[in-house]
Amino acid sequence: MRSRLQVGLAVGCAGVMAGCGGDDDFDPWSKLGEAELGVTVCADGPTIEGIDVAAYQPDTDWKKVADSGRRFAVIKATEGTGYVNSYFAQDWAGTKANGMVRGAYHYFRPDTDGVAQANHFLATVGALDGDELLMLDLETTDGQSGATVGKRAKDWMETVEAATGKKPIMYTGPNFWDAVIGAPAGFAEYPLWIAHYGVDCPLVPGDWGKWKFHQYTSTGQVPGINNPNCDRDVFNGTFEDLKAFAGGKPSSMTQVAGNDAVTLVTSPGEKKTWLFARTAGGELAVMSSAHGEKKWSEPALLGRGVACGLSAAFSEKPAPRGELVAAGEDGEALQAAWGADGWSEPVGFEGDGLAHPTTLSWPDGRIEAFAIDEAGQLQHRTSDAGTDVWSAWKALGDVKLATGVSVILRGDGRAQMFGTDGDGVGWHALSAETAGEWEEWKALDGEIASRPVPVRWPDGHLELFARD
């Protein structure tokens, strides 16, 4: 009988002896012993059920799996630089067709170059819709030192992140991570999928301190799976949290970051944050900070002629793309774009007499811009994902606003905006189901004297702040 402190490392609905690796005789228990390292961490709220599968589960009936209450599935795609799961394509399509959040994983071979393995994985998975999970299965050393295992695994993670704009998930076990490979540094930024069987609160190794997914057993039947044993998992959060997480956004928050004088925008893929501000002389200045450096560059001037009013947004897909919208001193709307050479000087963005711009980056890659016209009416326009093709400015409702709007993504895939009219009435509107469309404005209770600023908390609820 296995101790409750032992940790199984097999991935894929393969049974204990099959695992998800390429070795037919791989025994996930043979090298584990007692998992004495790590910190016990429980889920911090509700969890949802899912599974992971490999080629040991031929012809899975994904409708039955979904009907059984499993909300996500991660499928083995590749191993090393040559192996491809012959069932990956049909499982990849089947999970999506049945409304599940799907993911793909790569079984890592530390005796092989990490970049080459990443490219093999990316070529097999192909183009992404943007709502997938990507995971590295790290559970063997192939005779390599802990330092080599960590270095090559980090190469894989960074290559996949750079190509997709999504942070891959690290799958491992606490004993393997801490005792076998020595807890290599530099992985805490990646979400953790922890393998620890027979417990509700797994041991978390290394520098993580928390987990996103927990593989809690390799046994137990699941409807639709053609194997008597199956790897079963939970996600730490709700289904809406999972969908937001799979879409590349942190499940905790996507927040407003800016006002009429200063705006901040971050690119996880570029690992940079930019701060824009209008100088006293009307110049547009930008500073940047590389993630982890805790310092800012000297300000660079992008051009003159901006008024007090600017907002920036960044989209990671299908390729990294940044947009800054500013109010010009002559009343013309301005736009600056990010590219290989950095941020461009502001150019005309159509529309006259527009002020208080706001931007929103949608999970599907669209960027939407908002501004108040001279009559106080909100105007908006949207770009296609990955292009600089914008729709024309269009009025949004008949409310006359005295402030710009604050816009925030909710945890359910929709967005919400807030503004205040000249009588001190706060207003809000929800995005419609159709892309680029919004529902009618609705009034908020009370009287305020500023633009409402929203915050979305990790449990999904919004909180508003405003001056009275």
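A: Two strands pair if DSSP finds at least two bridges between them. Helices (H or I, at least four residues) and strands (E, at least two) are DSSP runs, numbered from the N terminus. Also, this is a predicted model: local features need pLDDT of at least 70, side-chain atom pairs count only at pLDDT 80 or more, and totals for chains, interfaces and linings use all residues. Residues are numbered from 1 along each chain as its sequence is written, and side-chain values use heavy atoms, with hydrogens and water left out.

Q: OK. How many bridges join strand 12 to strand 13?

A: Six, and the two strands run antiparallel, with strand 13 covering residues 272-278. One of the pairs is Thr263 with Phe276 in strand 13.

Q: And what order do the strands of that open sheet have?

A: The order is 12-13-14-15, four strands with antiparallel pairing. Strand 12 (262-267) and strand 15 (300-304) each have a single partner strand, so one side of each is left without a neighbour in the sheet. On average, neighbouring strands here are turned by 20° against each other, direction ignored. The axes behind such angles are lines fitted to C-alpha atoms, for helices over the stretch in contact, and angles run from 0 to 180 degrees between N-to-C directions.

Q: Switching to helices. At what angle do the axes of helix 4 and helix 5 cross?

A: Roughly 40°, with the axes of helix 4 (residues 114-125) and helix 5 (residues 146-164) coming within 7 Å. That makes the pair oblique (under 35 degrees is roughly parallel, over 145 roughly antiparallel, 65 to 115 roughly perpendicular, and the rest oblique).

Q: Which residues meet there?

A: From helix 4, Gly114, Val115, Gln117, Ala118, Asn119, Phe121 and Leu122; from helix 5, Arg152, Asp155, Trp156, Thr159, Val160, Ala163 and Thr164. Contact means heavy atoms within 4.5 Å.

Q: Which residues are buried in helix 3?

A: In helix 3 (residues 88-97), they are Phe88, Asp91, Trp92, Gly94 and Thr95. The cover over them includes strand 2 (47-53), helix 2 (62-67), strand 3 (72-79), strand 5 (101-107) and helix 4. Just past helix 3, Gly99 has a positive phi of about 75°.

Q: Last one: where does Pro202 lie?

A: In the loop between strand 8 (192-195) and strand 9 (203-204). Pro202 has 0% relative accessibility, so it counts as buried. Beyond its neighbours within four places in sequence, its contacts are Val39, Thr40, Val41, Ile194, His196, Trp211 and His214. The C-alpha atoms of Pro202 and Val39 are separated by 8.0 Å, though the two are 163 residues apart along the chain.

Notes
Buried < 20%, exposed > 50% of the residue type's maximum accessible area, 1.4 Å probe, protein only.
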